[in-house]
Amino acid sequence: MSRPFEDEGEVTRVANLGELQQELRARVQRDRAYLIVLAGGNVGEMYRLDEGETFLGRGQTATIKLMDDGISRKHARIVQQGGEVMIEDLQSSNGTIVNGAPVATQLLKDGDKIRLGSTTILKFTYNDQLDESFQQQMYEAALRDGLTKAFNKKYFLDRLETEIAYARRHNAHLSLVMFDVDHFKRVNDTHGHLAGDYVLAKLAKVALATVRAEDVFARYGGEEFGVICRGVTLPNAGILGERLRANVESTLFDHDGNRMPITISVGVAGHPESPVETVEQLIAAADQALYEAKRGGRNKVLLKL
């Protein structure tokens, strides 16, 4: 006589054992060394450490560039060899701190916390392919706008604060490009909010293809976007603004057979052309130029001089 309940239980146990074995195999393969940024200008980013040397710093020659004013140009070196990973401080100004203690050299263990500069905290860890994919998804969800895939407002404001501090300390150029969609309310009222979402998503795709890889493109709110341009003069940022304006104007926006002529108005401000001390001051300067562009007829670029 069959015993269905016991048979089902046996199947369940076998299935669970199979899942456990699969999980154990995955854990054994956690041999990829990574640094994850827990705090600082690059928060959320994840860097895989390759065999050999990796240099950390804010200089152009650094393998991993970290946007923190307290980090030296060539701050620390990580060496991965023979299954071991070691970090070495390169006589940096503010030192390299592992788990709360300053170090000259230190072998790293899974879970170690590394502090560089004034705000940057890194976590050293070993991951497998599934961990890497999950971490990347978490990073994207925390820092990206769901609709446009641009950075979100919080990340934008945090990065802008870091960049202003760097520009003021080093008297370096920093430009901010702000733009929004002309007559966006008309798009929503005429074609519906799904059409409005389509316009914003496609506009962001055009902008991402236009800005430099090192620029920070973000959705500031509603139909307004911003681009942080480190090391870019005000006139050159104006050129970027004009390129954005022209690319948007020449793009076909067609939703459900409804063609919509879309243009943007652009305002540009920069340091030291407009000396600023706070995030709010730089945004206000760029917004003032943006509003002047709108009052002047829209679909144009104006610079705050």
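The hairpin of β13 and β14 has 2 residues between its strands, and Gly222 there takes a positive phi near 55°. Helices and strands here are DSSP runs (H or I of at least four residues for helices, E of at least two for strands), numbered from the N terminus. This is a predicted model, so to speak of its ground rules: local features need pLDDT of at least 70, side-chain atom pairs count only at pLDDT 80 or more, and totals for chains, interfaces and linings use all residues. Residues are numbered from 1 along each chain as its sequence is written, and side-chain values use heavy atoms, with hydrogens and water left out.

**The chain overall**

- The protein chain has 7 helices and 18 strands.
- Of its 305 residues, 46% count as buried; buried means under 20% relative accessible area, exposed over 50%, and partly exposed in between (1.4 Å probe, protein chains only).
- Take the contacts (heavy atoms within 4.5 Å) with a separation of 6 or more: residues 24 or more positions apart account for 60% of them.
- The protein chain exposes about 16100 Å², and carbon and sulfur atoms supply 51% of that; the areas come from the Shrake-Rupley method with a 1.4 Å probe, and for residues only the protein chains shown count as cover.

**Confidence**

- The average pLDDT (the predictor's confidence in each residue, from 0 to 100) is 88 for the protein chain, and 85% of the residues score at least 70.
- Where pLDDT is low, the predicted coordinates should not be read in detail.

**The sheet with β13 and β14**

- Strands of a sheet pair through backbone hydrogen bonds, either parallel or antiparallel; here two strands pair if DSSP finds at least two bridges between them.
- An open sheet of 5 strands runs in the order β13-β14-β12-β17-β18, with mixed pairing.
- β13 and β18 stand at the edges with a single partner strand each, so one side of each is left without a neighbour in the sheet.
- Neighbouring strands of this sheet are turned by 20° against each other on average, direction ignored; axes are lines fitted to C-alpha atoms, for helices over the stretch in contact, and angles run from 0 to 180 degrees between N-to-C directions.
- β13 and β14 run antiparallel, joined by 5 bridges, and Arg219 stands opposite Phe225 in β14.
- On the β12 side, β14 pairs in the antiparallel sense over 7 bridges, where Phe225 is the bridge partner of Phe179.
- β14 is mostly covered, with 6 of its 7 residues buried.
- β17 and β18 pair in the parallel sense over 3 bridges, and Val301 in β18 is the bridge partner of Val266.

**Helix α7 on that sheet**

- α7 packs on the sheet, touching β12, β13, β14, β17 and β18, and its direction makes about 145° with that of β17.
- Its buried residues include Val279, Leu282, Ile283, Leu290 and Lys294.
- Besides those strands, the buried residues of α7 also pack against α3 (153-170).
- The helix has 17 residues (279-295), which should span 24 Å at 1.5 Å a residue; the end C-alpha atoms are 24 Å apart, so the two agree. The expected span is 1.5 Å times one less than the number of residues.
- Just after α7, Gly297 takes a positive phi of about 120°.

**The sheet with β5 and β6**

- Another open sheet has 5 strands in the order β4-β3-β5-β6-β9, and its pairing is mixed.
- The edge strands are β4 (64-65) and β9, each pairing on one side only.
- β3 (residues 52-57) and β4 pair in the parallel sense over 2 bridges, with Lys65 in β4 as the bridge partner of Gly57.
- β5 (residues 76-81) and β6 run antiparallel, joined by 6 bridges, and Ile87 in β6 is the bridge partner of Ile78.
- These two strands form a hairpin with 2 residues between them, and Gly82 in the turn has a positive phi of about 60°.
- β6 (residues 84-89) has a covered face of Val85, Ile87 and Asp89, and an uncovered one of Glu84, Met86 and Glu88.
- β6 also runs antiparallel to β9 (residues 105-107), with 3 bridges between them; Leu107 in β9 is the bridge partner of Met86.
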